Amino acid sequence: MSKLELKNLNKTYNPKVVPVKDISLDVSEGEFLTLLGPSGCGKSTTLRLIAGLEQPTRGEIRIGDRNVTYLRPGDRDIAMVFQSYALYPHMTVYENMASSLKIRKISSAEINRLVTEVAESLGLTELVDHKPGKLSGGQRQRVALGRALVRQPAVFLLDEPLSNLDALLREKVRGELKQLFASQKAPVVYVTHDQTEAMTLSTKIAVLNNGSVQQLDPPHLIYTRPANQFVAGFVGSPQINLLVLKCQGNFAMLGNFPVPLPNLPTMPPEIVLGIRPEHVSFAEGTEAGETTIKGEVYLVENLGMQNLVSVRVKGLESVTVRALQPGDKNWNSSIVELIFPPRLIHWFDVKTGDRLPDF
Ligand SMILES: Nc1ncnc2c1ncn2[C@@H]1O[C@H](COP(=O)(O)OP(=O)(O)O)[C@@H](O)[C@H]1O
Ligand SMILES: [Mg+2]
């Protein structure tokens, strides 16, 4: 059993820079945890603490039944893949993959077996005698992965491993990564600022902001039940609509349309309504009426499989609607009626950003 546990982990560089604030989480065998957040939120620092490349100011790191907080990196049984690949340029692919095994005094027959097997699974068999300088970005990335895989470590750490690949290749390698780690038992901690990678690869996601975990949940809950306004706004493309509405009694005013509010101890003067672009729809003919919100289309972006339609509603910021209608529909300057289904609305506290109970 090689469960990874972080307990109240903190890292302070100076009183002004606290990149890791009280992070507690665990990753069990077979789990793939992604640390997701904007640049500078403390993802790499957290990973470096786990690897032992930095010392925590406070807190504990455990792998299985070992407290590894103060162990040297080499004694933690962790393999790390960096964005920069960090391959030895003078060594062949084979030697790069075998290097960490040689230090551990494993027999050359066993090294050969492990490297050959992993090279095969990564499609690198033909390239084992090449030096990294001869390889493409995607191939180098696979060698870096291979070097981690041959070690069969207790924990895998990956820091933005796809960031240096171009968009098409990134998509392909993302799929390969998912298949590769599906057959690995050791816990994986994966760092990215890319929500698609986080959503597609993970069994659970920790969304970070300013060094703190905002939400720790499986991908579908991060998307369908964001814990606060930050998570709602960070995950989802096109971005969720977040509208600050005035409250009147038990209703929030969406333009002239009163939306019933959830039960709150006291009614605030304002509230944030969140609704994803795919959950707003256009009322057609007979549906239009009291339960719809009138607006004017001012921008249509055709993305092939969908149109993003930006609608200006009187008294509000713009509302983005994802429409799957044929691209040739003439939206420009047309008045539309929008439907906001109450059960698909997220409510957030205007001051704290926290999620409020559903209606
Ligand atoms: N060695 C260091 N000394 C001082 N500040 C640092 C150091 N390393 C990182 N930081 C700061 O810590 C914060 C988090 O950095 P990092 O963990 O690299 O973020 P991320 O990987 O999420 O982009 C940033 O504000 C960064 O400038
Ligand atoms: Mg980073």
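## Cores, a helix and a ligand shell

Visitor: Which residues of the largest nonpolar core touch the most other members?

Guide: This is a predicted model, where local features need pLDDT of at least 70, side-chain atom pairs count only at pLDDT 80 or more, and totals for chains, interfaces and linings use all residues. Residues are numbered from 1 along each chain as its sequence is written, and side-chain values use heavy atoms, leaving out hydrogens and water. A nonpolar core here is a set of buried Ala, Val, Leu, Ile, Met, Phe, Trp, Tyr and Cys residues joined through side-chain atoms within 4.5 Å, and buried means under 20% relative accessible area with a 1.4 Å probe, protein chains only. Of the 37 residues in the largest core, those touching the most other members are M97, F156, L158, L177 and F181.

Visitor: Which element gives this core its largest share?

Guide: Elements are DSSP runs, numbered from the N terminus: helices are H or I, at least four residues, and strands are E, at least two. Those giving two or more residues to this core include β6 (78-81), β7 (155-159) and α5 (167-182). The largest share, six residues, comes from α4.

Visitor: Which residues does F181 touch, leaving out those up to four places away in sequence?

Guide: Contact means heavy atoms within 4.5 Å. By that rule F181 touches F32, L145, L149, F156, L158 and V188.

Visitor: What covers the buried residues of α2?

Guide: Helix α2 runs over residues 93-103, and its buried residues are V93, N96, M97, A98, S99, S100 and L101. Their cover includes α3 (108-121) and α4 (137-150).

Visitor: How many residues around ligand 1 are charged?

Guide: A residue counts as around the ligand if one of its heavy atoms lies within 4 Å of it; among them are Y13, P38, K43 and T45. Asp, Glu, Lys and Arg count as charged, Ala, Val, Leu, Ile, Met, Phe, Trp, Tyr, Cys and Pro as nonpolar, and the others, Gly among them, as polar. The shell splits into five nonpolar, five polar and, for charged, one.

Visitor: What share of ligand 1 does the protein bury?

Guide: An oxygen atom of ligand 1 is 3.1 Å from a backbone N or O atom of G42, and one is 2.9 Å from a side-chain N or O atom of K43. Taken alone, ligand 1 exposes 560 Å² (Shrake-Rupley method, 1.4 Å probe). Of that, the protein buries 58%.

Methods. Chains lettered and ligands numbered in written order. Buried < 20%, exposed > 50% of the residue type's maximum accessible area, 1.4 Å probe, protein only. Polar contact = N/O pair within 3.5 Å; in protein donor to acceptor, adjacent residues only side chain to side chain.
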